[in-house]
Amino acid sequence: MEALQISTIFTSKPSLPLAEISRNFGTVRTKNLNLGFSLIWREKIGGFGLLKRSVTERSEGGFSSFQDEITRTLDDRKDLQVIFDKQIDGFHKESQSGNKEVVVSSTKIVSDEEAGAEDEEEEEKPNTKVTHNIVFVTAEAAPYSKTGGLGDVCGSLPITLANRGHRVMVISPRYLNGSPADKNFDGAVDTECKVNISCFGGMQEVMFYHEYREGVDWVFVDHPAYHRPGNPYGDVNGAYGDNQFRFALLCHAACEAPLVLPLGGFTYGEKCLFLINDWHAGLVPVLLAAKYRPHGVYKDSRSILVIHNLAHQGVEPAITYKNLGLPPEWYGALEWVFPTWARTHALDTGEAVNILKGAIVTVDRIMTVSQGYAWEITTVEGGYGLNELLSSRKSVLNGIPNGIDITEWDPSTDEHIDFHYSVDDLSGKVECKTALQKELSLPIRPECPMIGFIGRLDYQKGIDLIRAAMPELLQDDVQFVMLGSGDKQTEDWMRATEAANRDKFIGWVGFSVPISHRITAGCDILLMPSRFEPCGLNQLYAMRYGTVPVVHCTGGLRDTVENFNPYAQEGSGQGTGWTFSPLTKESMLGALRTAIGTYKAHQSSWKGIMKRGMEQNLTWDNAAVQYEQVFEWAFSDPPYIG
């Protein structure tokens, strides 16, 4: 009797996460096999789990008798999915002969004991009722590439969603800049899959690298345009002049990857949910509508735009539209006209293409990284010219605050700090402060309130207010430490201020992950006077570490920091920090001095603020549940057709 060889996966329960299933699948390769077939099988055929991989099914009969036999055996299990290939004659013959003996060839075989152990482990993992094939498209994803919050979000949220049972791919460029950061990509291997993309006047060849880590398929688009000194967007001379080209390549490649990359043996297929992050990925929904769906491809996919910062929109001259690889009739989706006052000269028509505008028009849903920011971008002040368009799509606009990686940001285990502490034992917090003062060569004074600032040195972050307020603030009994880089004048000011106030002020020009952790742990107060802040992460890190945030009442800062009220709850108090408004030097100094006064004179109230901040649910699991609700809304409506 000829044995039937199939690729199988053993599972101990139907809720096995998709990502884990994909690793256990063997890739079946035969002469006429397209995607192969897999059975979710148990060693004694005692039960079947749900095959959660979304695969383009190509079965068209020919296996009915064998399929009926399996169905009769387990007629009460509706979660069985068997993917057959009509061209496998050998399997056809076996099924028709009535032979039910199956010899299993598997990449992972588990005993009953191991299956039981996996059952216990799986029960501890959160799960969602409906799973999706999710494709993140982003310019950066930590730890591979990161310049700010976008990298943190796209490095953490995908892992959480994968742990909840979704199959998740993250697509970003493979940046090589000749620095130690290149080692971040050492774990990614060449898939040997090349794609030719028609755009910018010719055929552009890109390759894909892949690393499977923490349940997520990390896919990196490789092209010489991503190999240069600097960060993902520019170098010391400013933004790269070919960023439109570089990120258009990313978008085209992101649309091809789910169709051509057999990750774990199977492609993601056409029924994907694309999560588009900022303008860099903004061409994806336009391509889905203009290039793919007219030919019946991706007709069941959905796309969601996540706006992390509306100030950056990918605006270029109108003449560049012909380079984007889109049909001429779709120009209106990206068309952008500057108001008269913003034009450079009298003959300037103000015509341009705006990639983010195109994404807003064509996506199925829109999200921002906080509820407050979702409202702000519909206003004249916060909409950057897109407020009317966003207001017209308000019915599909939602805001969900970011979470944080609580394994990386945990004061009880943080590898970057010398002393550990928790909400139940705060003694290590004082020791972290003393260690930071010693490291920065400041006077070691545990009783002196220490204020920190961590962030980019630019106008958005309110550094002009800090500079204006510093002479008055340094007259008080405080210590202040700034960490950041960006605006050259502010960098020079930091150095000069430190030289003149060496016992009170430290300006650390640059950025260092370890020192950012030590500042967050060692300071008493974190100052964030941002003009606008879509979500903000530093205030979340601060609260996690018992450092009290003082923030401008805007965007995600307003959503996540509750203003301290000492009289609430019968005098026991409530709140996790201080917010101030309007955005003026006087208002900021008033909030800071209230915080300083509370620290010095009301230690019991201060500890209450610290503990309430540390007890906040700041995990990505909390945010992931809300994301899943938006996923369901996206699939409840038909996709954008145009």
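In which helix is R495 found? R495 is found in helix α14, where helices (H or I, at least four residues) and strands (E, at least two) are DSSP runs numbered from the N terminus. With a relative accessible area of 43%, R495 is partly exposed; here buried means under 20% relative accessible area, exposed over 50%, and partly exposed in between (1.4 Å probe, protein chains only). R495 and W508 are separated by 13 residues in sequence, and their C-alpha atoms lie 8.1 Å apart in space.

The structure is a predicted model, in which local features need pLDDT of at least 70 and side-chain atom pairs count only at pLDDT 80 or more, while totals for chains, interfaces and linings use all residues. Residues are numbered from 1 along each chain as its sequence is written, and side-chain values use heavy atoms, with hydrogens and water left out. The pLDDT, the predictor's confidence in each residue from 0 to 100, has a mean of 83 over the protein chain, and 80% of the residues reach 70 or more. Over residues 1-123, however, the pLDDT is below 50. Beyond near neighbours in sequence, this stretch has 201 contacts in the model, a contact being heavy atoms within 4.5 Å. Where pLDDT is low, the predicted coordinates should not be read in detail.

Strand β14 is joined by three bridges to the antiparallel strand β15 (residues 351-354), in which V353 is the bridge partner of E335.

Side chains of opposite charge can pair when their charged atoms come close. With a salt bridge defined as a side-chain nitrogen of Lys or Arg within 4 Å of a carboxyl oxygen of Asp or Glu, the count comes to 20 salt bridges. One of them is formed by E628 and R164, whose closest N and O atoms are 2.8 Å apart. Because E628 lies in helix α20 (residues 620-636) and R164 in the loop between α5 (149-163) and β5 (167-173), this pair ties together parts that are 464 residues apart in sequence. Both E628 and R164 are buried.

A salt bridge also forms between the side chains of R593 and D476 (3.0 Å, N to O). This pair links distant parts of the chain, 117 residues apart, with R593 in helix α18 (residues 585-601) and D476 in the loop between α13 (463-473) and β19 (479-484). R593 counts as partly exposed at 35% relative accessibility, and D476 counts as partly exposed at 22%. K600 forms a salt bridge with D477, with the closest N and O atoms 3.9 Å apart. Since K600 lies in helix α18 and D477 in the loop between α13 and β19, the pair ties together parts that are 123 residues apart in sequence. K600 is partly exposed, with a relative accessible area of 45%, and D477 counts as partly exposed at 29% relative accessibility. Salt bridges that share partners join R445, E447, D477 and K600 into one network.

A pair of aromatic rings is described by the distance of the centres and the angle of the planes. Rings of Phe, Tyr and Trp (its six-membered ring) pair if their centres lie within 6.5 Å; planes under 30 degrees apart count as stacked, over 60 as edge-to-face and the rest as tilted. A search of the whole structure finds 21 aromatic pairs. The rings of F480 and F505 are stacked, because their centres are 6.0 Å apart and their planes stand at 15°. F480 in strand β19 and F505 in strand β20 (residues 505-509) are 25 residues apart, and both are buried. W493 and F505 form an edge-to-face pair, with ring centres 5.6 Å apart and planes at 70°. This pair links helix α14 (residues 488-500), which holds W493, to strand β20, which holds F505, across twelve residues; W493 and F505 are both buried. Elsewhere, Y144, F185, W218 and F220 form one aromatic cluster.

Definitions and conventions:
Two strands pair if DSSP finds at least two bridges between them.
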